[in-house]
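This report describes one structure part by part. Please look at the sequence and the model first.

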Amino acid sequence: MGNLLEHMGIEKDRVHFSWISSAEATKFVDVVKEISKKVRALGPNKKLVKDYN
Amino acid sequence: MDTCINKIRELSLKLLEENEVKKVIGFAEGTIPMATSPVTITRKQDVEKLVFNSTCGLNLANYIRNQKDKIAVIAKGCDTRNIVTHIVENQVQREKLYIIGVPCNGMIDKSKIESLFEDEIIEFSEDGGKLNVKSSLKEEKLNKSDYLRKNCRLCMHKNPVIYDVLAGDLVEEQNFDNPYPDVDEIEAMNSETKWQHFEDLTKNCIRCYACRNACPICYCPTCFVDESGPQWVGKGQDKTDVNTFHFLRAFHCAGRCTDCGACVEACPMDINVRDFTRKLNKDSFEMFGWEAGLDIARRPPLDVYSPNDPDDFIK
């Protein structure tokens with residue numbers, strides 16, 4: 001699914017997949033930090049977003 | 001392929017006469033040239049209505065579900081692959097089908113032919129590899145090989161993969177070093193260009209769902225676009241909804257699509273919706289060595305778990 005999104009032009013770093021157990025708090029923090037960093041670098045998403053104005 | 005129609009009629013007649021099957025599903029001449037349409041034959045005097053030529057681009061596997069009695073179906077290479085998919089997905093039972101396999105030399109791109117003419121085409125006939133197309137203004141003699149559909153050009157399974165009887169001699173299969181040049185072309189683009197490509201591709205989409213209805217693997221009792229509680233996707237012409245529809249429909253076909261081209265054949269706006277599904281076909285092939293509909297004994301890749309499944313996308 002990630003591949004098809006990327007194929008359609010959604011940036012690779014925009015969508016992330018991970019599997020984190022409820023007992024892995026530190027892994028959760030690490031993954032979310034990394035995702036935030038990557039997504040922030042890309043800026044706001046304008047694709048597949050509806051414009052209601 | 002021209003001579004096989006006699007064989008198809010002969011076999012169909014015999015099957016109906018002997019009461020082996022109750023119906024024969026095939027193609028009949030449409031109301032305008034180049035527009036053959038699916039037909040169900042139940043009486044033996046109607047067998048003459050059956051035709052088979054290079055305009056039979058729809059997929060007859062779409063019409064074999066929910067049948068009470070044993071039926072016969074006329075199936076080219078891709079149709080038989082969809083029949084296999086149906087059997088694997090428990091939509092039909094093999095013993096309730098009589099498959100008349102037709103080795104196929106490809107179907108023609110009707111839009112490409114229509115674009116040669118300024119007015120309406122009034123006559124179409126074919127003879128071997130030659131097509132004769134006539135409008136009131138001019139007549140063209142074309143080579144069929146120049147006007148094949150894009151999916152037929154890249155087809156590697158022209159011969160039926162499952163059948164009870166063949167209506168013609170097997171044809172030579174094509175082999176390609178790279179079966180997915182069209183996908184590579186899009187993959188080479190950057191994100192913005194890709195996005196633009198798909199925006200342009202679907203900009204004329206009128207949400208008629210002809211692609212979904214023609215698709216043999218789109219058989220959900222309620223499609224996600226018709227669902228109203230919850231409503232997964234908006235029903236209007238908003239480009240986000242249009243792209244969501246195409247994206248999700250394609251993903252539902254992952255590992256199941258046989259690239260039969262029925263979606264593109266049915267599209268009234270000439271949208272090459274295969275640009276979506278082809279990527280998934282390529283991924284299935286590269287990640288799982290899988291091509292849909294080749295073996296009734298194997299489950300599709302998204303249906304089974306293996307410890308060796310590629311998982312490098314998960315962090």
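How many residues does the contact take from chain A and from chain B? The contact takes 17 residues from chain A and 20 residues from chain B, where two residues are in contact if their C-beta atoms, placed from the backbone, lie within 7 Å. The model is a predicted one, so local features need pLDDT of at least 70 and side-chain atom pairs count only at pLDDT 80 or more, while totals for chains, interfaces and linings use all residues. Residues are numbered from 1 along each chain as its sequence is written, and chains are lettered from A and ligands numbered from 1 in the order in which they are written.

**The two chains**

On the side of chain A that touches chain B, the largest share, five residues, comes from helix α1 (residues 2-8) of chain A. Helices (H or I, at least four residues) and strands (E, at least two) are DSSP runs, numbered from the N terminus. The residues on this side of chain A divide into eight nonpolar, six polar and three charged. Here Ala, Val, Leu, Ile, Met, Phe, Trp, Tyr, Cys and Pro count as nonpolar, Asp, Glu, Lys and Arg as charged, and the others, Gly among them, as polar.

The largest nonpolar core has 64 residues. A nonpolar core is a set of buried Ala, Val, Leu, Ile, Met, Phe, Trp, Tyr and Cys residues joined through C-beta atoms within 7 Å. A residue is buried if 20 or more other C-beta atoms lie within 10 Å of its own, exposed if 12 or fewer, and partly exposed in between, with C-beta atoms placed from the backbone. Why does this core lie between the two domains of chain B? Domain 1 and domain 2 of chain B both give residues to the core, so it lies between them. B:I8, B:V73, B:I74, B:A75, B:I100 and B:V102 have the most contacts inside the core.

**A three-stranded sheet**

Chain B has an open sheet of three strands in the order β6-β7-β8, with antiparallel pairing. Two strands pair if DSSP finds at least two bridges between them. β6 (121-127) and β8 (139-143) of chain B stand at the edges with a single partner strand each, so one side of each is left without a neighbour in the sheet. Neighbouring strands of this sheet are turned by 20 degrees against each other on average, direction ignored; the axes used for such angles are lines fitted to C-alpha atoms, for helices over the stretch in contact, and angles run from 0 to 180 degrees between N-to-C directions.

β6(B) pairs with β7 (residues 130-135) of chain B over six bridges. In this pair B:I121 stands opposite B:S135, and B:F124 stands opposite B:V133. β6(B) and β7(B) form a hairpin with two residues between them, and B:G128 in the turn has a positive phi of about 60 degrees. β7(B) and β8(B) pair over five bridges, and a hairpin joins them through three residues. B:V133 has B:E140 in β8(B) as its bridge partner.

**Backbone details in loops**

| Residue | Phi |
|---|---|
| B:N90 | about 55 degrees |
| B:R207 | near 55 degrees |

B:N90 is in the loop between α2 and β5 (97-102) of chain B. With 7 other C-beta atoms within 10 Å, B:N90 is exposed. B:R207 is in the loop between α6 (191-202) and α7 of chain B, and counts as partly exposed because 15 C-beta neighbours lie inside 10 Å. The peptide bond from B:G229 to B:P230 is cis, with omega near 0 degrees. B:P230 is in the loop between α7 (210-214) and α8 (239-252) of chain B.

Notes:
Domains from an automatic or database assignment.
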